Amino acid sequence: METIGADILVRCLAEEGVEHVFGYPGGAVLYIYDAIFKQDKFKHILVRHEQAAVHAADAYSRASNKVGVCIVTSGPGVTNAITGIATAYMDSIPMVIISGQVPTAAIGEDAFQECDTVGITRPCVKHNFLVRDVKDLADTLRKAFYIARTGRPGPVLVDVPKDVSLQPCKYVPPKGEISMRSYAPVNKGHQGQIKKAVQMLLSAERPMIYTGGGVILSDASEELRRVVERLGAPCTNTLMGLGAMPASSRQFVGMPGMHGTYEANMAMQHCDVLLAVGARFDDRVIGNPRHFAQNARKIIHIDIDPSSISKRVRVDVPIVGNVKDVLVELLAQYDAARADAKPASLDKWWQQIEAWRGKQCLHYAGSDEVIKPQFVVEKLWEVTGGDAFVTSDVGQHQMWAAQYYKFDKPRRWINSGGLGTMGVGLPYAMGVQMANPGAEIAVITGEASIQMNIQELSTCQQYHLTPKIVCLNNRFLGMVRQWQQIDYGSRYSESYMDSLPDFVKVAEAYGHVGLRIERPADVEPALREAFKKHKDRLVFLDFITDRTENVWPMVKAGRGLTEMLLGSEDL
Ligand SMILES: Cc1cc2nc3c(=O)[nH]c(=O)nc-3n(C[C@H](O)[C@H](O)[C@H](O)COP(=O)(O)OP(=O)(O)OC[C@H]3O[C@@H](n4cnc5c(N)ncnc54)[C@H](O)[C@@H]3O)c2cc1C
Ligand SMILES: Cc1ncc(C[n+]2csc(CCOP(=O)(O)OP(=O)(O)O)c2C)c(N)n1
């Protein structure tokens, strides 16, 4: 049947099983929006800023393991979307971004709302396409979805000139699986390498398991839990991997890195065999690489992206493959080999770990006078039974959320780790709720971050989205202020938040509920009111917190992983 490009695009999205598309219209995508108007296969969510469309689609993917989809118009639509695309790229999130482009004949002529989308996005997408002929549109979209979700996932952009969306063309249904000669990700790990890893693990006296976002992306939490229990070793999850290993497990030692726990960092540094699973040895995790390399230890690294291996830290046994496949094989080989081998006792290692844990590095001084931000997160955990989806923005509140909300399940903790993008929290919650309509959702944010996409309170009103916004309001760009205190002689250059709006009134103006909480005794009742009484409303909880609380532990920039400051007494 003859149809036009825009209809083909809409049919392809339906073919991929897309149920939600986040977007914002404009001239170059008007035929596409006309086709959207005429279809009933997916729901379109109209955001208030393109950046939020990308963040929402990104979180939709993080919470559901589906490919997130968004549509933006040419020129400013695309440039507004860049922060969202780069954010998803840094955290390896599978997404398809469809952008409008000026008509093919006008490309390169400084046409109205023209920008070089392929050029601008090239460094922050897994791949991008410019469709010049409508006959290529369906195939290109199918490839885009395939590339986004396979191998190391990532955002893929498809730029569609306006005339391509109008050109007539026949719709040709897909023919079997997609295969691309130049792109063939490896899922199964090399048997011989896995064997080497098993031998190393069997002879380890101080094994340590360091896991990251790759476990979540691979939906391999169950397999990870089995491996951790079988090896009997301690396990740490990076900021991107939280929830992959249940925080309630005794074998979980907390997050590693700059704001990681004492026990996780000490175990990373003092182990004799480190099993790294879907984690990329980020600088926030290993600190100064020279210090990290000081202790001799064998490193096994499982990663689907060969370019991630030995990128920052030289490893001994690289295993290229999908976490899930490799862990299944590793466990089978381990069980088979264990019958003949006598694994070393780990009792001494665990005594050491318990001694480190005994430091209670996350202990903080409570107060009856002023609200401690950590206390709010602890109470949030209690009130939601530890089972909410929690999105966060970027700053101190993000670290307190990671440290004090004990995630037991994967895909519950949604945040920007790699790019560290302030402003993601609220649009992330929108994407999460679209993917999980009945779930309890909290946005842990700061009074600065929330203002970066606060216009989305309007989108929430339109689509009856009801996250509870937990704003830890310290009247400072807290994370910046903390660094200035520690590294810049307490010269607080432009890191205060002045002229703040009355957030209760802001929430009410958008049709939501606003609460201001100033005393510690009111924290829990306010949270209960928000999650129970106002279950079906968006509630903005403005917690007025201790202005100068710091995030501890902290590894200062350039320092070694175990050179941790545990509190202000260490300054
Ligand atoms: C203010 C701030 C403070 C921070 N402090 C910390 C901190 O203290 N501790 C901390 O941990 N982080 C911290 N971060 C986050 C940090 O910047 C990195 O984003 C994070 O550490 C990276 O996590 P990851 O190694 O799990 O990698 P990810 O970015 O999640 O990468 C995943 C890895 O897994 C691989 N992979 C993907 N899919 C698969 C698959 N199917 N199979 C196999 N491999 C796969 C990828 O190739 C990649 O190498 C902080 C961020 C901010 C903004
Ligand atoms: C878009 C963007 N701009 C700047 C920064 C640098 N930055 C990181 S944390 C932070 C302060 C965040 O303040 P707030 O949201 O109030 O959170 P707090 O640290 O006080 O908890 C800033 C400015 C960033 N991460 N993202």
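This is a predicted model: local features need pLDDT of at least 70, side-chain atom pairs count only at pLDDT 80 or more; totals for chains, interfaces and linings use all residues.
Local features are described at pLDDT of at least 70 and side-chain atom pairs at pLDDT 80 or more, while totals for chains, interfaces and linings use all residues; side-chain values use heavy atoms, without hydrogens and water. Residues are numbered from 1 along each chain as its sequence is written, and chains are lettered from A and ligands numbered from 1 in the order in which they are written.

An open sheet of 6 strands, paired in parallel, has the order β15-β14-β16-β17-β19-β18, where strands (E, at least two residues) and helices (H or I, at least four) are DSSP runs numbered from the N terminus, and two strands pair if DSSP finds at least two bridges between them. Because β15 (413–414) and β18 (513–517) each have a single partner strand, they form the edges, and one side of each has no neighbour in the sheet. Further in, β17 (residues 468–473) runs parallel to β19 (residues 539–544) and is joined to it by 6 bridges, with K468 having V539 of β19 as its bridge partner.

Helix α16 (residues 373–383) lies across β16 (441–446), β17 and β19, and runs at about 160° to β17; such angles, from 0 to 180 degrees, are taken between the N-to-C directions of lines fitted to C-alpha atoms, for helices over the stretch in contact. In helix α22 (residues 523–533), the buried residues are V523, A526, L527, A530 and F531, buried meaning under 20% relative accessible area with a 1.4 Å probe and protein chains only. They cover an arc of only 120° around the axis, so they lie on the same side of α22, the arc being that of the directions from the helix axis to the C-beta atoms. These buried residues pack against α16, β16, β17, β18 and β19, contact meaning heavy atoms within 4.5 Å.

Elsewhere, all 5 of the 5 residues of strand β11 (residues 273–277) are buried, so β11 is largely enclosed by the rest of the structure. V273, L275 and V277 cover one side, and L274 and A276 the other. Strand β9 (residues 207–211) pairs with β11 in the parallel sense over 5 bridges, M208 standing opposite L274, and β12 (residues 298–303) also pairs with β11 in the parallel sense over 5 bridges, L275 standing opposite I300.

Methods
Buried means under 20% relative accessible area, exposed over 50%, partly exposed in between (1.4 Å probe, protein chains only).
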